[in-house]
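Visitor: I would like to learn how to read the packing in a model like this one. Please take me through it feature by feature.

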Amino acid sequence: MNVRNCRKCGRIYNYVAGPPICPACQEEMEKKFREVRDYIRDNRGVGIQQVAEECDVEVAQIRQWLREERLELVESSGIVLTCENCGTPITSGRYCQKCKNELAQGLTKAIGGNKKEPPKPEKDPREKSRMRFL
């Protein structure tokens, strides 16, 4: 049993997986996310600071939701997220599409996804003319 203290409220809880916060705080965080999402839908083109003030959420939390690809920036916004690998501007997540593809290819090669098929044994030419039972 993995018991931890919640980083938000300090209560002890049974940790299973995910962020180190208790289920009650996690549910509260989901409610805040839905509130932020609805506010953004109703007020297109708002900035992070305004959303944070209106919804009583920290700017860091909104940035985290952007990095988790739960929220996405519009191209006309003045906010810039950059790819953690190459520095290209992106709208959400941690990496641009090019870097995601390169990482995926590298992982595929690392686990052996690029193995060559073993050569097939050549069939005996006499094999075709033989009779068989089916």
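**Reading the packing**

Guide: Start from one residue and list its contacts beyond the local sequence. This is a predicted model. Setting aside neighbours within four places in sequence, Leu71 contacts Phe33, Val36, Ile40, Ile62, Trp65, Leu66 and Ser92.

Visitor: Which residues of the largest nonpolar core touch the most other members?

Guide: In soluble globular proteins, nonpolar side chains tend to be buried together. Here the largest nonpolar core has 21 residues, and Val36, Val51, Ile62, Trp65 and Leu71 touch the most other members. Helices H1 (23-42), H2 (48-55) and H3 (59-67) each supply at least two residues of this core. A second, separate core has 6 residues, among them Cys6, Ile21, Cys22 and Cys25.

Visitor: How many aromatic pairs does a search of the whole structure find?

Guide: The search finds 2 aromatic pairs. Look at ring centres and plane angles. Tyr13 and Tyr15 have ring centres 6.3 Å apart and planes at 75 degrees, so this pair is edge-to-face. Tyr13 is buried at 9% relative accessibility, and Tyr15 is buried at 16%.

Visitor: And the other pair?

Guide: For Phe33 and Trp65, the ring centres are 5.2 Å apart and the planes are at 75 degrees, so the pair is edge-to-face. The pair links distant parts of the chain: Phe33 is in helix H1 and Trp65 in helix H3, 32 residues apart. Phe33 is buried, with a relative accessible area of 6%. Trp65 is buried at 2%.

Visitor: Which residues form a nonpolar patch on the surface?

Guide: Met1, Val3 and Ile12 do, with about 400 Å² of accessible area together. Val3 belongs to strand S1 (residues 3-5).

Technical notes. Residues numbered from 1 in each chain as written. Predicted model: local features only at pLDDT ≥ 70, side-chain atom pairs only at ≥ 80, totals over all residues. Heavy atoms only, no water. Core = buried A, V, L, I, M, F, W, Y, C linked by side-chain atoms within 4.5 Å. Buried < 20%, exposed > 50% of the residue type's maximum accessible area, 1.4 Å probe, protein only. Helix = DSSP H or I, 4+ residues; strand = E, 2+ residues; numbered from the N terminus. Contact = heavy atoms within 4.5 Å. Patch = residues over 30% accessible without salt bridge, like charges linked within 9 Å, V, L, I, M, F, W, Y side chains within 5 Å. Areas by Shrake-Rupley, 256 points an atom, 1.4 Å probe, with all protein chains shown as cover. Salt bridge = Lys/Arg side-chain N within 4 Å of Asp/Glu carboxyl O. Phe/Tyr/Trp six-rings, centres within 6.5 Å; stacked < 30°, edge-to-face > 60°.
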